[in-house]
Amino acid sequence: MSKSNDNNFTISVAAGKGGTGKTLVATSLALALDEQYPGRIQLIDCDVEEPNADILLHPQISSEEPVYILVPQVDLEECIYCGKCAEACQFSAIVVIRQAVITFPQLCAGCGACSYVCPTGAITEVQRQVGLLSKGSAEGTIEFIQGRLTVGDQRATPVTRAAKDCVDEKMIAILDAPPGTACPMQETIEDSDYCILVTEPTPFGLANLQDSVETCRRMDVPCGVIINRHGVGNSGVEQYCENENLPLLLRIPQQRRIAEAYSRGQTLAAADNQWMKPLQKVFDQITNLLTD
Ligand code: SF4
Ligand code: SF4
């Protein structure tokens, strides 16, 4: 998602698993950059199954809008029970059993393949709400956007996509990605200018990081690493970064006061102003890497 001028980059913040400090990094970075570039920062919470950037940024929400997808509705009068719709569906969201066509809207991704292949026009597409977009502002000038998947729905991707559609090319957008490397994470980081991978310096953290790096490389998204809870574990992550020529952008130490601030719902930058500069330097490093 290369934007026209300056450093209006889209930066995803991802992690191989939940609880690694990904949202802490994303929100802290937004806060630090807002000091440097007031009015030019977007924080978009794309972790739509469990969005929690609001807990750290305390936004004022000014509007909410539903996210819809189109799901099939079958007119049995027109149906010849050929089964083509079920064959076309990759998500088992429509099934044909003898003289019955059963749809599972919560599994439906709204791709439209079933209605496309239906030979009789028996399928029409109807809107179904799958999530909610909340928009507002945080800390005065950060534009805050949060996607939230409807409870019980399985398909996060349309909500993630709707949240991503809010990226403003004239701003620096920070996307808080879902944990792991499955489709919702890939949907989030696709087209990002850069992906920050947050990890812990443990063997488990290293294994997750390796998966995330592979995903970024396969998707051609440049990436760098922030180590959270630096001081626990071992040097395996640092070694890996060196061997793989991965930029190590920042080390956040394992400190009681950081953990306490986080549990009080504070970003790094809000808890201790001294973090502003190191976080701003992370962005400078990324800018240099992208513009060299
Ligand atoms: S493709 Fe159309 S006609 Fe065939 S089973 Fe599905 S709904 Fe019925
Ligand atoms: S719209 Fe796509 S995902 Fe939904 S039932 Fe049809 S083929 Fe399956």
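The chain holds 11 helices and 11 strands, both being DSSP runs numbered from the N terminus (H or I over at least four residues for helices, E over at least two for strands). At 21 Å, the radius of gyration sits close to the 19 Å that the globule rule gives for 292 residues, so the chain is as compact as a globular protein of that length; the radius is taken over C-alpha atoms, and the rule is 2.2 Å times the number of residues to the power 0.38. This is a predicted model, in which local features need pLDDT of at least 70 and side-chain atom pairs count only at pLDDT 80 or more, while totals for chains, interfaces and linings use all residues. Residues are numbered from 1 along each chain as its sequence is written, and chains are lettered from A and ligands numbered from 1 in the order in which they are written.

Along the principal axes, the C-alpha atoms fill a box of roughly 70 × 40 × 40 Å. Buried residues make up 45% of the 292. Here, buried means 20 or more other C-beta atoms within 10 Å of the residue's own, exposed means 12 or fewer, and partly exposed is in between, with C-beta atoms placed from the backbone. Of the contacts with a separation of 6 or more, 75% link residues 24 or more positions apart; a contact is a pair of such C-beta atoms within 7 Å.

Strand S10 (residues 223-230) is mostly covered, with seven of its eight residues buried. S10 runs parallel to S9 (residues 194-199), joined by five bridges, and Cys195 has Cys223 as its bridge partner. Pairing takes at least two DSSP bridges between two strands. Getting from S9 to S10, the chain goes through helix H7 (residues 203-218) in a right-handed β-α-β crossover, that is, clockwise from the first strand over the helix to the second with the strands pointing away from the viewer. S10 also pairs with S11 (residues 248-253), again parallel and over five bridges, and Ile226 stands opposite Leu250.

The largest nonpolar core has 79 residues, and Val13, Leu29, Leu43, Ile196 and Leu197 touch the most other members. Such a core is a set of buried Ala, Val, Leu, Ile, Met, Phe, Trp, Tyr and Cys residues joined through C-beta atoms within 7 Å. Helix H1 (residues 22-36) gives the most to this core, namely eight residues. Leaving aside residues up to four places away in sequence, Ile196 touches Ile11, Val13, Val25, Gly224, Ile226 and Leu249.

Note on methods. Two residues are in contact if their C-beta atoms, placed from the backbone, lie within 7 Å.
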